[in-house]
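Here is a short briefing for a first look. Please keep the structure in view as you read.

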Amino acid sequence: MARFSFKKRVDTYLKKKWYSILSDIVFVLLLVLLIIPSTRTEVASFFIRLTSFPPSTLDIDDQIKINNQSKNWQILDMEGNAVSLESLNDKPIFLNFWATWCPPCIAELPGIAELYEKYGSEINFILVSNESRAKVRVFSKKNNFEELPFYQSNNVPNDFASQSIPTTFIISKDGTIVLSKKGVASWNSGRVEDIIEKLISK
């Protein structure tokens, strides 16, 4: 009886439209990929990327100038050289806090990479992780992000303090935070490019 019932269910299922069966197969494959540790982060990042949106600038009343602690904040580049925001060229700053284990962070990196390719000579891009430089180097090589300017730091000034990652700030030449975004965003967008173009021209 059970065998007959099972066969009947299979026959009924196979009478479904081909695209319904295909969507079921895709759904099962996605579940499997999300269960497997080695593919979980990549799959999650892909879907996060699909649902991310461009950020908006802060209202004028919410924009603040970074203090001296933030300007003198020391971060290390991938060679171990100390850098401060104050020591950078007189350019706007794109400051992103991220981690290699964070799917939303990984999801927005391709957009940041595209933005960096367009504006890397006109904006100081700073991507900060509290992980070891060795771990970040391995990650960047594996995922073809070696051109991105990654930095390492274990402390964060109050101006940039956040309980979540990714968190991103866009800072004008005079040190004003014009954009503050917690969570994933679509960075390679017309809206962000407009923000950057205005900051470059000032």
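This is a predicted model: local features need pLDDT of at least 70, side-chain atom pairs count only at pLDDT 80 or more; totals for chains, interfaces and linings use all residues.

Residues are numbered from 1 along each chain as its sequence is written, and side-chain values use heavy atoms, with hydrogens and water left out.

**The sheet**

- The model has an open sheet of 8 strands with mixed pairing. Its order is β1-β8-β7-β4-β5-β6-β2-β3.
- β1 (64–65) and β3 (82–84) are the edge strands; each has a single partner strand, so one side of each lacks a neighbour in the sheet.
- Strands (E, at least two residues) and helices (H or I, at least four) are DSSP runs, numbered from the N terminus. Two strands pair if DSSP finds at least two bridges between them.
- β1 runs antiparallel to β8 (residues 176–182), joined by 2 bridges. Lys 65 has Thr 176 as its bridge partner in β8.

- Ser 84 belongs to β3. Its relative accessibility is 10%, so Ser 84 counts as buried.
- Buried means under 20% relative accessible area, exposed over 50%, and partly exposed in between (1.4 Å probe, protein chains only).
- Leaving aside residues up to four places away in sequence, Ser 84 touches Lys 71, Asn 72, Trp 73 and Gln 74. Contact means heavy atoms within 4.5 Å.

**Strand β4**

- In β4, 5 of 5 residues are buried.
- Ile 93, Leu 95 and Phe 97 point one way, while Phe 94 and Asn 96 point the other way.
- β4 pairs with β5 in the parallel sense over 5 bridges. β4 also pairs with β7, in the antiparallel sense, over 5 bridges.
- Asn 96 stands opposite Leu 127 in β5 and opposite Thr 168 in β7.

**Helix α5**

- α5 (residues 103–119) lies across β4 (93–97), β5 (124–129) and β7 (167–171).
- The helix runs at about 155 degrees to β5. Axes are lines fitted to C-alpha atoms, for helices over the stretch in contact, and angles run from 0 to 180 degrees between N-to-C directions.
- β4, α5 and β5 form a right-handed β-α-β unit. Right-handed here means that, with the strands pointing away from the viewer, the path from the first strand over the helix to the second runs clockwise.

**The disulfide**

- The count is 1 disulfide, defined as a pair of cysteine sulfur atoms within 2.5 Å.
- Cys 102 and Cys 105 form the link, with sulfur atoms 2.4 Å apart.
- Cys 102 is buried at 3% relative accessible area, and Cys 105 is buried at 1%.
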